[in-house]
Amino acid sequence: MRVTRKRVRNLTLRITPPHGDLRVSAPLRASDAFIRRFVIDRLPWIERHRARLAALPPAAPLEPLSKAHRDELKRAIPPLIGKWQRTLGVQVAFWGVKHMRTRWGSCNTAARRIWLNLELARHPAECLDYVVLHEVAHLLERGHGARFKGILSQYMPDWKARRAALRAHRPGAATPPPSQPTRGRVPSACSKA
Ligand SMILES: [Zn+2]
């Protein structure tokens, strides 16, 4: 267990792959006894997460995407964008595909510009369709609030299942950072510009 004292308000625990090492960030003034108590109280949680890590297959480096995969993705996108433009009554000015480390897509609503992650080529068509709808829907609603979710649900009732399938993977999973917190942020489908 490694304890780092920081200017933070709360104690946080992280379990880092691949060996399930425990990292603790503690406020500067937290006592050792307090930190020990905090960790002991959370042993069940720690064990659960370690078990989950141990059950994961070793992260094999992904094969680089072939040109055929990229071409297939680029062919699949225009019909989807066309479909969602017509359905939602909006117009995308530009779309492109590129490698992104932390998100599946992005939408600049002012420029009406959409980027999609090349890694989507490794995922089923339903996932791509979800990300395209998600980004196109930002042209109607910038945020991820109730109105946005309402739009998704109206046109793609199973969007949550598709998102869950994507969340099981991290964009750029081929090169994970050395200490990836298990309790960090889940990669979002999107970031809005
Ligand atoms: Zn979004």
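How many residues does helix α3 have, and how far does it reach from its first C-alpha to its last? In this predicted model, local features need pLDDT of at least 70 and side-chain atom pairs count only at pLDDT 80 or more, whereas totals for chains, interfaces and linings use all residues. Residues are numbered from 1 along each chain as its sequence is written. Helix α3 (residues 67-88) has 22 residues and reaches 32 Å, close to the 32 Å expected at 1.5 Å a residue (1.5 Å times one less than the number of residues). Helices (H or I, at least four residues) and strands (E, at least two) are DSSP runs, numbered from the N terminus. Gly89, with a positive phi near 70°, follows α3.

Within α3, Leu73, Ile77 and Trp84 are buried (20 or more other C-beta atoms within 10 Å of the residue's own, with C-beta atoms placed from the backbone). The buried residues of α3 pack against β4 (94-98), β6 (113-117) and α4 (125-137); contact requires C-beta atoms, placed from the backbone, to lie within 7 Å.

The residues of α3 that meet α4 include Ala76, Ile77, Leu80 and Trp84, and their partners in α4 include Leu128, Val132 and Val136. Helices α3 and α4 pack at an angle of about 45°, with their axes 9 Å apart. That angle makes α3 oblique to α4 (angles under 35 degrees count as roughly parallel, over 145 as roughly antiparallel, 65 to 115 as roughly perpendicular and the rest as oblique). Axes are lines fitted to C-alpha atoms, for helices over the stretch in contact, and angles run from 0 to 180 degrees between N-to-C directions.

Methods:
A residue is buried if 20 or more other C-beta atoms lie within 10 Å of its own, exposed if 12 or fewer, and partly exposed in between; C-beta atoms are placed from the backbone. Two residues are in contact if their C-beta atoms, placed from the backbone, lie within 7 Å.
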